[in-house]
Amino acid sequence: MICQAIARLKQQIPLLDYLQAHDWQPTGQLSRGRLMGLCPLHDDHKPSFLVDSHKSLFYCYGCGRGGDVIRFAELYHQVKFPQALSLLHQWRGLPPLLHEAAGFYRMQLHRHSEAVAYLYHRGIRSAELIEHMQIGYAPGRCLRGWLTQLGYPLQALQQAGLVTAVGYDAYTHRVVFPLQGNLYGRSLSASAIPHRFLPGAKGGLYAWQQASRHPAVILVEGLFDYAVLWQAGFHNVTCSLGTHLNARQFRQLCDGPRTVYLAFDADANGSGQQAAQCLSQRLRERGITACHVTLPEGHDPNSFFIEGGDARQFQSLMEAARP
Ligand SMILES: [Zn+2]
């Protein structure tokens, strides 16, 4: 039991993510996935700290210490094994709590016709897709009661950002998509802030495991773009939740030879296209083939499909895509 829990924790916290969250930067790469940098464990002047990001192990040629992410936490925070575990649990955040919240929201979805109608209007029409993305609905004013009933202290809910400081559900009238270690909530009402995340990182690329099996992937900005493409049969789609990729998302795109089709918004001010230019430049520097999918002016993949575009048309846009 305990061994399994420890193995799971290690799997959930890639060493490199943990190091980067503690301001470690690689200074060089030996081979794919093997990085060197200054040792955070001793006063290092030339890079002697080796990280194998695939095996999630480190070794320092300076101070001779090495191991996994738990060993690193022990040494870095100068604590014993059990405290290192609890620090890592804390850092990883709240999967059990988030899992519970997301499950509750999923139960609510079909009890609220306005939520189902909203999804329909945004092009999310198949039950299979709703199941695949585990989409839920936060009506507001009921999550707190449910979770406290299950024994979660109010303080934990507030720390997670699920409940506001004054005690209200943070997500109200929002369709909710579970992410890795976070929840994305899209407001149904035009007067509220449209996009909402819990505090903390947005995680890696959306559904990366599935997409990364394909030699070519389609990268989109938003989950509604992801949804319509997946529904149209493009299961090689992934989403960065915004045009700016975090370090982890960028690393994922570069973790093997592949072609990336960038299908960002074709907004009038050109910001989506600019971001795509900039990203494809960076990808090419890492040896990744990047192509721009040019959507009709003013469209994103979501509106393209909602307004009658189909898989065959999108496929021809991909075939016409240029680096
Ligand atoms: Zn060292």
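Hi everyone, let's start with the layout: the protein chain splits into domain 1 (2-92), domain 2 (95-197) and domain 3 (208-319), with bounds from an automatic or database domain assignment. This is a predicted model, where local features need pLDDT of at least 70, side-chain atom pairs count only at pLDDT 80 or more, and totals for chains, interfaces and linings use all residues. Residues are numbered from 1 along each chain as its sequence is written. Between domain 1 and domain 2, the C-alpha centres are 34 Å apart.

Strands (E, at least two residues) and helices (H or I, at least four) are DSSP runs numbered from the N terminus, and two strands pair if DSSP finds at least two bridges between them.

Looking inside, strand 10 (residues 216-220) pairs with strand 12 (residues 259-262) over 4 bridges, and Val 217 sits opposite Val 260. Strand 12 is joined to strand 13 (residues 289-292) by 4 bridges, with Val 260 opposite Ala 290. From strand 12 the chain passes through helix 13 (residues 271-285) to strand 13, a right-handed β-α-β crossover: with the strands pointing away from the viewer, the path from the first strand over the helix to the second runs clockwise.

Thanks, everyone!
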